[in-house]
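Hi,

Here is the structure I promised to pass on. Have a look at it first, and my notes follow below.

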Amino acid sequence: STDESIFGLYAQDTLNLTDRLVVIAGVRYDRDTITFQDNLDSSQNGDRIFHRTNPRAGVTYLVTPATSLYFTYSQGFRVPTFQELFALGTFGSNPNLKPVKSSNYELGVKSHIGRWGEVTLAVFQSDQPDEIFFTCSICDFTDGQNRNIDKTRRRGVEATVKARYNDYLDGLVNYTFTQAE
């Protein structure tokens, strides 16, 4: 059985450096404590505490009053889930998993279309060291286990069209292409 306690605290601010240049800066702190108890073998009982402070920064340049270019950088943090730490059936548990960290980059353009819509086009990349991945040696349903792998990367392009029909109804169409390695 497990008990999980999660605490998060963040702050973010936006600073207009000029009429056309906006800077965003933020920070987030997360702390996650997982207490686990094996009702059959008390030597397996314990606690795992995960914590991390992640920055976020961005800059937006207004090319025209309706069109802007932006760049953002952020870091992320994801603790292993109960299902990732502890296996069911014949698979092996791994209570020593490290959390997944990420470094995220996004470059895009956003433009308003009249008073009814908005179009966004962005490219992005996310690098994750210590990604949690299910691996096995011989894959015979007895040796599988979640493990941290060195790194993964996701790159892609995202396009969004948003239309506002009236004060109560919006429509959104989004397409994302992601290449994951």
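A quick definition to start: two strands count as paired if DSSP finds at least two bridges between them. Strands themselves are DSSP runs (E, at least two residues), numbered from the N terminus. Bear in mind that this is a predicted model, where local features need pLDDT of at least 70, side-chain atom pairs count only at pLDDT 80 or more, and totals for chains, interfaces and linings use all residues. Residues are numbered from 1 along each chain as its sequence is written, and side-chain values use heavy atoms, with hydrogens and water left out.

Now the strands. S2 (residues 21-36) and S3 (residues 46-62) run antiparallel, joined by 16 bridges.

Is Gln-125 buried or exposed? Its relative accessibility is 19%, so Gln-125 counts as buried (buried is under 20% relative accessible area, exposed over 50%, partly exposed in between, with a 1.4 Å probe and protein chains only). Beyond its neighbours within four places in sequence, Gln-125 is in contact (heavy atoms within 4.5 Å) with Ser-103, Asn-104, Tyr-105, Arg-153, Arg-154 and Arg-155. Glu-4 lies 121 residues from Gln-125 along the chain, and their C-alpha atoms are 31 Å apart.

Cheers

Technical notes. Helices (H or I, at least four residues) and strands (E, at least two) are DSSP runs, numbered from the N terminus.
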